[in-house]
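This report is meant for a reader who has not seen the structure before.

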Amino acid sequence: MKKLIKNGLIVTAADTYKANVLIENGKISAIGEHIEEEGAEIIDAKGRYLLPGGIDPHTHLDMPFGGTVTKDDFETGTKAAAFGGTTTVIDFCLTSKGEPLKNSIDTWHNKSKDKACIDYSFHLMVGEINDDVLAELPQVISEEGITSFKVFMAYKNVFQADDETLFRTLLAAKDLGALVMVHAENGDVIDYLTKKALEDGNTDPIYHALTRPPEAEGEATGRAAQLTGLADSQLYVVHVSCSNAVEKIAEARNKGLNVWGETCPQYLVLDQSYLERPNFEGAKYVWSPPLREKWHQDILWNALKNGQLQTLGSDQCSFDFNGQKDLGRGDFTKIPNGGPIIEDRVSILFSEGVKKGRITLNQFVDITSTRIAKLFGLFPKKGTIAVGSDADIVIFDPSVERVISAESHHMAVDYNAFEGMKVTGEPVSVLSRGEFVVKEKQFVGKPGSGQFIKRAKYGEEVCEQGRESLQSTQI
Ligand SMILES: [Zn+2]
């Protein structure tokens, strides 16, 4: 059945204007002032914004970590994402050394296919480079439609790759048309500082932050950027948390390198002092990279405003406080890293960014959706409201005020990192390919209705059938 959304204010990365939107067969078929369509379901969006569905470029759903598994899986995680105004997630597919990449990709398909309530895709972790991996990568791109690789520069003896692996991944990505993502922290230095802290009897959560100083992130970010220049490749730095890393990204971009940076809500509004909360509550705020001293927040906001950082990911990686985070009592290195953010990513950027005058409304759409679609080969299928694009639309009330709380959130965890935070603005209804997933704040979606999206190569657009590239995209 056709749907006609009337009276809403369309907001894209470029424009803000009043028009009606007609949806047919899951796509936007017309946009205009005077569309009338007999028989269409009418949706009145008076007083509300119509935003392109948010795209979360950084999630870890159903992911094993440190002897436990993230609490939110593809069902609860994508449901919560939808409530938060996100209609596509790109999750990290972990790989194991010596195993065919295909096996890991199949594992991730099995985790997601009957569960996802919104569309999704995968990034692929590259932990080693050898003849087998190099032989498989072209198929990962052309057949699997996975066009971004993730290299960890931290987590020594777990995920960490050496510089040769990073450099050769950058070279391969250049040849194949993929974007290389890095977790940029100096894992060797952090490993030493961590061991030393434990030897000295420093076991509280705050030492998680103190053993991962901003210099370790700045150094790794700069190193990855230099290697990207040497390889003439392209780099996306995930979860940028501090001034030191922003400086290195800005420096690389000023030289004309293809270096991009993502930050996350937690780094914009929370700070290192949260790790010192009593009764082990500091463990709720253990991320890698860690929360920083408060002054870094202004640097991050300015970087989003002036384009040195371009995107906002959630780094959704949720663990219960009771039974998971508390595995690290008496030893901060055993606290599972990560937090539940997938639901509040869009709202926090709107409330703290747009409402407080730090970024414009159109920048907000670019940062949470459009730019991500362009960087990761989803545009213009996703990431905008335009004729021919998927009808992934968020009907957003910009004036409602509410308080974020674990009592009302939809994630499967027992706490919310932003508990008690007042925000303005809320997604009211959310459509994925023209079907309601959330309607007037009620979940009406279906697990398994989300589709895996094969993405275009870096810098190319995804066309109707999903794979063949049409033309290069201005990123
Ligand atoms: Zn992550």
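## Strand 16 and its sheet

Strand 16 and strand 17 run parallel and are joined by two bridges. The model described here is a predicted one. Across this pairing, Glu262 has Thr311 of strand 17 as its bridge partner.

Strand 16 also pairs with strand 15 (residues 234-237), again in the parallel sense, over four bridges. The chain passes from strand 15 through helix 8 (residues 243-254) to strand 16, and this β-α-β crossover is right-handed. Leu235 has Val259 of strand 16 as its bridge partner, and Val237 stands opposite Gly261 in strand 16.

How much of strand 16 is buried? Five of the six residues of this strand (residues 258-263) are buried, so strand 16 is largely enclosed by the rest of the structure.

These strands belong to an open sheet of eight strands with parallel pairing, in the order 8-11-12-13-14-15-16-17. Strand 8 and strand 17 are the edge strands, each of which pairs on one side only. In general, the strands of a sheet pair through backbone hydrogen bonds, in either a parallel or an antiparallel way.

## Helix 8

Helix 8 has 12 residues, which at 1.5 Å a residue should span 16 Å; the C-alpha atoms at its ends are 16 Å apart, in agreement with that value. Its buried residues are Ser243, Ala245, Val246, Ile249, Ala250 and Ala252. What do the buried residues of helix 8 pack against? They pack against helix 7 (214-231), strand 15, strand 16 and helix 10 (296-306). After helix 8 comes Gly256, which has a positive phi, near 90°.

## The zinc site

The zinc ion has three protein donors, namely His58 (NE2), His60 (NE2) and Asp315 (OD), at 2.1 to 2.2 Å from the ion. Along the chain these donors follow the spacing H-x1-H-x254-D. His58 lies in strand 8 (residues 54-59), while Asp315 lies in the loop between strand 17 (311-312) and helix 11, so the pair ties together parts that are 257 residues apart in sequence. His58 and Asp315 are both buried.

## Cysteines

The structure holds zero disulfides.

| Cysteine | Nearest cysteine sulfur | Distance | Relative accessible area |
|---|---|---|---|
| Cys93 | Cys317 | 15 Å | 1% |
| Cys242 | Cys264 | 12 Å | 0% |

A disulfide would need the two sulfur atoms to be within 2.5 Å. Cys93 is in no disulfide, as the distance of 15 Å to the sulfur of Cys317 shows. Cys242 is in no disulfide either, with the sulfur of Cys264 12 Å away. Cys93 is buried, and Cys242 is buried too.

## Gly353

Gly353 is placed in helix 11 (residues 345-354). Is this residue buried or exposed? Gly353 has a relative accessibility of 0%, so it counts as buried. Apart from neighbours within four places in sequence, its contacts are Trp301, Ile348, Arg358 and Ile359. Lys305 is 48 residues from Gly353 along the chain, and the C-alpha atoms of these two residues are separated by 9.2 Å.

Notes: Residues are numbered from 1 along each chain as its sequence is written. This is a predicted model: local features need pLDDT of at least 70, side-chain atom pairs count only at pLDDT 80 or more; totals for chains, interfaces and linings use all residues. Side-chain values use heavy atoms; hydrogens and water are left out. Buried means under 20% relative accessible area, exposed over 50%, partly exposed in between (1.4 Å probe, protein chains only). Contact means heavy atoms within 4.5 Å. Donors are N, O and S atoms within 2.8 Å of the metal (3.2 Å for Na, K and Ca); water is not among the atoms, so sites may look incomplete. Two strands pair if DSSP finds at least two bridges between them. A crossover is right-handed if, with the strands pointing away from the viewer, the path from the first strand over the helix to the second runs clockwise. The expected span of a helix is 1.5 Å times one less than its number of residues.
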